[in-house]
Amino acid sequence: MAHTARRMFELLEPICLVTFFADECNEELAALGHRTYWDGYFASRAAPLGRVPAQVVHAAFYSFADGEVARHIPSAWETIPPEASIAARERGSTASLRRILGDESADSPSLVRAADLTTKAATNAPTEGRVMYAGMRTLPVPSDPVARLWHSANMLREHRCDGHVAALVGARIGGTEAHVLSALEMGIHPPESFGRIHHLPKERLAAVMDGLRERGLVDTDGRFTDAGRETKQRIEALTDELAAPPYDALSPGELDELVAALEPITATLVAAGSK
């Protein structure tokens, strides 16, 4: 099932990426009054948790540096209710999917079936220890098939992210350290130039790299050691394993059917860069 979880991640992630890469979601959030991309991001993604303080969002998201969440939460909710941000995120993301896929694909029986099966998987996993996933489970499932596919893909994404955080904590890899390891895995060097962390203070990045060197995970040139590469691979393998439970709800035949239904959808989104 770990192999299944990895394959489903590959198929579902491009559906989720419209939220971050395409224009419609950002436009919907800006129309509400969110001043910046990151205001809208934090306000809409964290909204299922309720009006929690920045410390809770920082803990749940895990990958952001100290202070980054507090620049947006809770101020992003002061004049815009969390429920409004959730609705805007769904509207914009659904509009992006419809535009990229085209009406014929978006209204096809195959997409409806993909939405139904994805929803079945996404609504049948345990929530214990899955803070973001549990928050998503409290939201109503949309009736529109395209919106339902996006919503359920995001539930599964948050379920996987919760498991990934658990794997990182178990390996004693912090959020910024995780970005360094991901950058190296993608062949980015120096890893400090990775887009998710390059804006951080140089002193902070230097301290992170020094810590990874002291643990023997990167070498003096800032590249993977064998131990570092093995650590990253172990984290990813455990993430796949922890992401598998939702797919227990589907029979082997349903899993095959879901993969077949998602493949052309995913191919179209990948070709478009999900934007």
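**Fold and salt bridges**

Of the 275 residues in the protein, 51% are buried, where buried means under 20% relative accessible area, exposed over 50%, and partly exposed in between (1.4 Å probe, protein chains only). Please note that this is a predicted model, in which local features need pLDDT of at least 70, side-chain atom pairs count only at pLDDT 80 or more, and totals for chains, interfaces and linings use all residues. Residues are numbered from 1 along each chain as its sequence is written, and side-chain values use heavy atoms, with hydrogens and water left out.

The protein has twelve helices and zero strands; these are DSSP runs, numbered from the N terminus, with helices (H or I) of at least four residues and strands (E) of at least two. The C-alpha trace spans about 55 × 45 × 35 Å along its principal axes.

Now the charges. A salt bridge here is a side-chain nitrogen of Lys or Arg within 4 Å of a carboxyl oxygen of Asp or Glu. By that rule there are 21 salt bridges.

Which residue does Glu 185 meet in a salt bridge? Its partner is Lys 232, at 3.9 Å, N to O. This pair links distant parts of the chain, with Glu 185 in helix α9 (residues 175-185) and Lys 232 in helix α11 (residues 226-242), 47 residues apart. Glu 185 is partly exposed at 47% relative accessible area, whereas Lys 232 is buried at 6%.

Lys 232 also forms a salt bridge with Glu 236, at 2.9 Å, N to O. Both sit in helix α11, and because they are four residues apart, about one helical turn separates them. Glu 236 is buried, at 16% relative accessibility.

These residues belong to a network of salt bridges that links Arg 6, Arg 160, Glu 185, Lys 232, Glu 236 and Asp 240.
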